[in-house]
Amino acid sequence: MSAQREMKEKNPWHTPVTIIITVIGVIAIVALVTVAVLQNRPVSQKYKYGIVLDAGSSHTALYIYEWPAEKDNNTGRVEQTHSCKVKGKGISSYASEPWKAGESLTLCMQEAEQKVPKKRHHETPLYLGATAGMRLLNMENSSASDKVFQAVEKALQKSPFSYQGARILSGQEEGAFGWVTVNYLDDRLMQGLETTGALDLGGASTQISFVSDNYDGSESPSNSVAFRLYGNDYNLYTHSFLCYGKDQVLRMALAQQTQSGPRTILDPCFHPGYTEIKNYSVLYDSPCVSDRKPQGAPVSFNHRGNGSFGQCQEIVKSVFNFTSCKYSQCSFNGVFQPLLQGPFGAFSAYYFVMNFLNLTDTSIPLDTVKDKLTRYCATPWDQIKLQHPNVKLNYLEEYCFSGTYILTLLTEGYNFTSESYSNIKFIKKIKGSDAGWTLGYMLNLTNMIPAEAPDSPPLPHAGYVSIVTIIALLLVVLFILSLRPLWPRCSKQPHII
Ligand SMILES: Nc1ncnc2c1ncn2[C@@H]1O[C@H](COP(=O)(O)OP(=O)(O)O)[C@@H](O)[C@H]1O
Ligand SMILES: [Ca+2]
């Protein structure tokens, strides 16, 4: 017998039994690891969708949200994937021809059908929420607002999505859901971090919402919204000022200047050289000013600008009432407001206006901001038009007024100081999703923010797989070692025979 052959016969690994056991062992490990990996792999990219229509006073916008299908309940991973701006004005402007309100939504609804995968259409919830424009129309003419809703419902019911209804949001809901959106997108809710206040400026109303340590909801309960989110309790202060959106405040400022029914006004909130003929009946056609329409005024007036920030601010201040406050402290119009606290995100028209004016940097001292706005307001209208040939004129003519209103609202209205002004961030989007009430509204209606913190798996996926693999290997090694008593017998047997 050669030395080589002897070695081979003595080597226990070379006996058929051991080889079979080893092969089975290896197959078992591979099978075990494969099963563990497949079983625990996140289900491959299946998404769910939700659609919210924001029927604002000035226009309607459609937002599509998306989240991983197996994680509806707890992961904070809802994102906006698409938005569509409805052509034309807000639905409340169709009071005299309601069918057009429904029709106006068609293009964006068709776009949504393209964007959401077909097989998900029937299970995709679709909501429409209307804000201050419809609140005002409902106050003014509730049958007209009902007809607008009927027309809108009819259009939305035709869609393949799961239509969940159209309604007017209360001011508290609008404020609170805007706050939820901002804090959800910033991951502040799930982690229980200090929250960010929300400032929303619309065309017909404006909202302020924040958590303040010295506010437990007992003073002025109508301003309080209590939440339990991811195991944390929040006592949110929120207030919506109807008629204090920038379009309605402009009406109030013009009403202030046309009380005597003049044929011409020289408005410091508009640029020098601006001149436009405006109709009294159009200006006063809003519940925010209708009771102040001057008797015996002519049909129209010549609206001329003289561009003075200081004088404009005086007019804007006169739309706030600071005379009475029955609470420990107030913002304006006798409305309770606790001490401002924490950082704030200011979105919607706050962002559009301050971004246009290049004033989104709040580390610039407030006095410098005012100086810049003073210079901007004093710039002749012709020059402004030349400098911004691509900006819509109906926006362009109002930035001096809107900028003045924003600074006045923040400082005189809400009591931001030159120090706390820097706590404000003017924002449009957070991580790709628009700041606004729509996401918070959908998260609430789909129960996607649990009251209690979700149970998280004790190990991450990779850790789990590694541990299963190591244990399996150990078991096989132990198994092979347990066969050791067989090794010598196997190799010696030929010699005995
Ligand atoms: N690019 C822009 N520049 C200035 N203002 C804008 C721009 N886009 C939208 N806005 C204004 O933002 C406001 C949006 O308000 P909206 O949401 O329609 O009303 P509300 O929230 O009061 O129901 C309107 O005043 C609109 O004119
Ligand atoms: Ca709005």
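Visitor: Which residue in β9 does Ser224 stand opposite?

Guide: Ser224 stands opposite Tyr237 in β9. Remember that this is a predicted model. Now look at the two strands as a pair. Strand β8 and strand β9 (residues 232–242) are joined by six bridges. The two strands run antiparallel.

Visitor: What is the order of the strands in the open sheet?

Guide: Read a sheet from one side to the other. Here six strands lie in the order β8-β9-β7-β6-β13-β14. The pairing is mixed, and the sheet is open.

Visitor: Which are the edge strands?

Guide: An edge strand pairs on one side only. In this sheet the edges are β8 (224–229) and β14 (424–426). Follow the strands across and note the twist. From one strand to the next, the twist averages 20°.

Visitor: How many helices and strands does the whole chain have?

Guide: The protein chain contains 18 helices and 16 strands. Of its 497 residues, 37% are buried. Look also at how far apart contacting residues sit in sequence. Take the contacts with a separation of 6 or more: 78% of them come from residues 24 or more positions apart.

Visitor: Now helices. At what angle do α10 and α15 cross?

Guide: Picture each helix as a line. The axes of α10 (residues 309–317) and α15 (residues 399–413) cross at roughly 60° and come within 9 Å. An angle of that kind counts as neither roughly parallel nor roughly perpendicular, so the two helices are oblique to each other. The crossing of α10 past α15 is right-handed.

Visitor: Which residues make that contact?

Guide: From α10 come Phe309, Cys312, Gln313, Val316 and Lys317. From α15 come Phe401, Thr404, Tyr405, Thr408 and Glu412. Sort them by class: five are nonpolar, three polar and two charged.

Visitor: Why do residues three or four places apart point the same way in an α-helix?

Guide: An α-helix has 3.6 residues a turn, so residues with that spacing point the same way. Check the list for α10 with this in mind. Phe309, Cys312 and Val316 are among its contact residues.

Visitor: How do α11 and α15 cross?

Guide: The axes of α11 (residues 349–356) and α15 cross at roughly 120° and come within 10 Å. That makes α11 oblique to α15. This crossing is left-handed.

Visitor: Which residues of α11 and α15 meet?

Guide: In α11 they are Ala349, Tyr350, Val353, Met354 and Phe356. In α15 they are Tyr399, Ser402, Gly403 and Ile406. By class, seven are nonpolar, two are polar and none is charged.

Visitor: Which residues of α11 are buried?

Guide: Ala349, Tyr350, Tyr351, Val353 and Met354 are buried. Next, ask what covers them. The cover includes β6 (197–201), α8 (246–257), β13 (344–348), α15 and β14. Now step past the end of the helix. Asn358 follows α11, and its phi is positive, near 55°.

Visitor: Where is Pro343?

Guide: Pro343 is in the loop between α10 and β13.

Visitor: Why does Pro343 count as partly exposed?

Guide: Count the neighbours. Pro343 has 16 other C-beta atoms within 10 Å. A buried residue needs 20 or more, and an exposed one has 12 or fewer, so Pro343 falls in between.

Visitor: Which residues is Pro343 in contact with, leaving aside its neighbours within four places in sequence?

Guide: They are Thr196, Gly197, Asn423 and Lys425. Compare that with Leu407, which is 64 residues from Pro343 along the chain. Their C-alpha atoms are separated by 17 Å.

Key. Residues are numbered from 1 along each chain as its sequence is written. Chains are lettered from A and ligands numbered from 1 in the order in which they are written. This is a predicted model: local features need pLDDT of at least 70, side-chain atom pairs count only at pLDDT 80 or more; totals for chains, interfaces and linings use all residues. Axes are lines fitted to C-alpha atoms, for helices over the stretch in contact, and angles run from 0 to 180 degrees between N-to-C directions. Helices (H or I, at least four residues) and strands (E, at least two) are DSSP runs, numbered from the N terminus. Angles under 35 degrees count as roughly parallel, over 145 as roughly antiparallel, 65 to 115 as roughly perpendicular and the rest as oblique. A crossing is left-handed if the near helix is turned anticlockwise from the far one by less than a right angle, and right-handed if clockwise. Two residues are in contact if their C-beta atoms, placed from the backbone, lie within 7 Å. Ala, Val, Leu, Ile, Met, Phe, Trp, Tyr, Cys and Pro count as nonpolar, Asp, Glu, Lys and Arg as charged, and the others, Gly among them, as polar. Two strands pair if DSSP finds at least two bridges between them.
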